[in-house]
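Trainee: I would like to learn how to read a model like this one. Can we go through it step by step?

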Amino acid sequence: MTIDPLDVRLISLFAAEPRVGILEASRRLGVARGTVQARLDRMVENGVIKGFGPDVDPAALGYHVTAFVTLQIRQIAGHDPVTGPLARIPEVLEVHTITGGDDLLCRVVARSNADLQRVIDLIVDVDGVMRTSSVIALDTPVPYRVLPLVADTPRHHVP
C-alpha cells in the first residue's frame, strides 16, 4: 500500500495524540471528517495502522530490566511448539524468528536482574528450547519508532 503526505500527517497526529477524535483531526488537518475516517479505515484494513491503544512503559509497571534473549530450539515441528508457550509468559514482549546460529530472538522484561533469571528459567523450561543466550539493555537511546519511516515513505513511492 502507498501512503501520501496527508496519510503521513494523519498518522503523525494520531501517534502524538492517540485520543484525538476524528472531528478534531479533520479540523487540525483541514480536511473533511469523512476523508479522515476513510483514510484511517483504509490504513487499518491494509495493516498499515495496527492499533490505537496506549503505549505502555514496562518500567512504569516495575519492570526496569529489558533483555534480549536468543534461543536455539529443536525444530522437529517448526517454531510453533515453542512460540505458543513463550507467548504465555507475560514478561516475553516479542518473539522473532531470526537467521544465523540461533532460531528465535525474544525481548523480555523483568523487575530486577534476579527476576530476569526467573524469566529465563521459564523460557528454558519450554519444551523444545535447547539453549539460550541473553544480553541486558543498559539504555535505549533510540526507542522503537516508525514515524521517521512513515514520513520518508511517500518520497520513495514509485508510481
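This is a predicted model: local features need pLDDT of at least 70, side-chain atom pairs count only at pLDDT 80 or more; totals for chains, interfaces and linings use all residues.

Trainee: Is F52 buried, partly exposed or exposed?

Mentor: Look at the relative accessible area of F52, which is 41%. That value makes F52 partly exposed.

Trainee: How many aromatic pairs are there?

Mentor: Rings of Phe, Tyr and Trp (its six-membered ring) pair if their centres lie within 6.5 Å. By this rule, the count is 1 aromatic pair.

Trainee: Are the rings of F14 and F52 stacked, tilted or edge-to-face?

Mentor: Planes under 30 degrees apart count as stacked, over 60 as edge-to-face and the rest as tilted. The ring centres of F14 and F52 are 5.8 Å apart. Their planes stand at 75 degrees, so the pair is edge-to-face.

Trainee: How many residues apart are F14 and F52?

Mentor: Helices (H or I, at least four residues) and strands (E, at least two) are DSSP runs, numbered from the N terminus. F14 sits in helix α1 (residues 5–16), and F52 is in the loop between α3 and β1 (65–73). The pair links distant parts of the chain, 38 residues apart.

Trainee: Is α2 roughly parallel or roughly perpendicular to α3?

Mentor: Axes are lines fitted to C-alpha atoms, for helices over the stretch in contact, and angles run from 0 to 180 degrees between N-to-C directions. Helix α2 (residues 22–29) and helix α3 (residues 33–45) have axes that come within 8 Å and cross at roughly 110 degrees. Angles under 35 degrees count as roughly parallel, over 145 as roughly antiparallel, 65 to 115 as roughly perpendicular and the rest as oblique. So α2 is roughly perpendicular to α3.

Trainee: Which residues of α3 make the contact with α2?

Mentor: Contact means heavy atoms within 4.5 Å. From α2 come I22, L23, A25 and S26. From α3 come R33, V36, Q37 and L40.

Trainee: Is α1 oblique or roughly perpendicular to α2?

Mentor: α1 and α2 pack at about 130 degrees, with their axes 11 Å apart. That angle makes α1 to α2 oblique.

Trainee: How many nonpolar residues are in the contact of α1 with α2?

Mentor: L6, R9, L10, L13 and F14 of α1 meet I22, A25, R28 and L29 of α2. Ala, Val, Leu, Ile, Met, Phe, Trp, Tyr, Cys and Pro count as nonpolar, Asp, Glu, Lys and Arg as charged, and the others, Gly among them, as polar. There are 2 charged residues, no polar ones, and the nonpolar number is 7.

Trainee: Is α1 oblique or roughly perpendicular to α3?

Mentor: α1 and α3 pack at an angle of about 85 degrees, with axes 11 Å apart. That makes α1 to α3 roughly perpendicular.

Trainee: Is T99 buried or exposed?

Mentor: T99 is found in the loop between β2 (92–97) and β3 (104–110). Its relative accessible area is 77%, so T99 is exposed.

Notes:
Residues are numbered from 1 along each chain as its sequence is written. Side-chain values use heavy atoms; hydrogens and water are left out. Buried means under 20% relative accessible area, exposed over 50%, partly exposed in between (1.4 Å probe, protein chains only).
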